[in-house]
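User: Could you take a close look at one part of this protein with me? I would like to see how it sits in the whole.

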Amino acid sequence: MFILYTYDMGTFSFKLSDEKINTLKDTFKEYITPNKNEYIDTFIQKQDLTISIYKSNKVVFQGNDAFFYAQAYIDIKKNRQAGSDEVGTGDVFGPVVVCASIVEEDDYPFIEANHITDSKALEDNFIMKIGPELTNRFKHSLLILDNSRYNEVHKTNNLNMIKAKMHNKAYVNLLSKGYSMPSEAYVDQFCDISTYFEYLSEEKDVYRNLIFETKAEAKYPAVAVSSIISRYAFLSYMDKLEKQYDFKFHKGASEQVDNDIKLFIDKYGKNKLNEVAKLHFKNFEPYNI
């Protein structure tokens, strides 16, 4: 059974059976490298990837290609299921997008043939190509919180509270569309379960039949589908935003984004930032916004 211990960007850690470990060693046998760690049975090193196989059967994939290789050893559950995920919370510019989707048992040949997985492991050009097909094929509920509304809501709701309310609304919307909900619905966990439902204490309708797991998009295809649909919606929104303002917005919260902020203010002034950015990011501290 797959057991996820830790996940960080570029790092996946879990236990494998003896059979899977032997397969892993055989697959990467030409990259096995000597190591001096007494707890490590086998150390594998290739470009942009290291794999540490511990004597306890714990395996750690690290590097830029970690997800690409690790996902082959993750036990993916294939049943009728629902799942939700969000995009845009780590980006200074652009909206927050949440999607909840339903995957039927007969969807799995399509999912496998098209390599549907976590959107963070996919190129944006692939997402723009496959996104419309997913939105047409899968039952889903998509929510887009634009920047003006986000900045207003964030005055009284922290980011996790906003995410909880959007995930909940996405599931409630699936019900309101008359869809038969699967017995299992997964949320890519971003806070304690009790805290999640505390955030929803004043909501009229709360969908409670949820299973919370970290890195759920790697294990549950419904979460992966939602991740891609969300990313597709986010990218499409950003394309429209760039055309509207005749401006190139970089994603994330990097130094490039800092430069974008300065250029945008020079072109449009501070007041227009409310329409294109999440103003609580530290990137805005030099501007007293």
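What distance should the 25 residues of helix α8 span, and how far apart are its end C-alpha atoms?

Analyst: Happy to. A word on the basis: this is a predicted model, where local features need pLDDT of at least 70 and side-chain atom pairs count only at pLDDT 80 or more, while totals for chains, interfaces and linings use all residues. Residues are numbered from 1 along each chain as its sequence is written, and side-chain values use heavy atoms, with hydrogens and water left out.

Helix α8 covers residues 221-245 and should span 36 Å at 1.5 Å a residue; its end C-alpha atoms lie 36 Å apart, which agrees. The expected span is 1.5 Å times one less than the number of residues. Helices (H or I, at least four residues) and strands (E, at least two) are DSSP runs, numbered from the N terminus; the protein has nine helices and eleven strands. Just after α8, Asp-246 takes a positive phi of about 50°.

Now for the surroundings. Of the 25 residues of α8, 19 are buried, so the helix is largely enclosed by the rest of the structure. Buried means under 20% relative accessible area, exposed over 50%, and partly exposed in between (1.4 Å probe, protein chains only). Across the protein, buried residues make up 50% of the 289 residues.

The largest nonpolar core has 37 residues, and Val-92, Phe-93, Ile-116, Leu-134, Phe-249 and Val-276 touch the most other members. α8 gives the most to this core, with eleven residues; β8 (96-103), α3, α4, α8 and α9 (255-268) each supply at least two. Such a core is a set of buried Ala, Val, Leu, Ile, Met, Phe, Trp, Tyr and Cys residues joined through side-chain atoms within 4.5 Å.

Two residues show what meets the helix. Leaving aside neighbours within four places in sequence, Leu-134 is in contact (heavy atoms within 4.5 Å) with Val-225, Ile-228 and Ile-229, among others including Phe-110 and Ile-116. Ser-119 sits in the loop between α3 (108-113) and α4 (124-137). With neighbours within four places again set aside, Ser-119 is in contact with Ser-227, Ile-228 and Arg-231, as well as Ile-127. Ser-119 counts as buried because its relative accessibility is 6%.

As for confidence, the protein averages a pLDDT of 91, and 97% of the residues score at least 70; pLDDT is the predictor's confidence in each residue, from 0 to 100. Over residues 1-9 the pLDDT is below 50.
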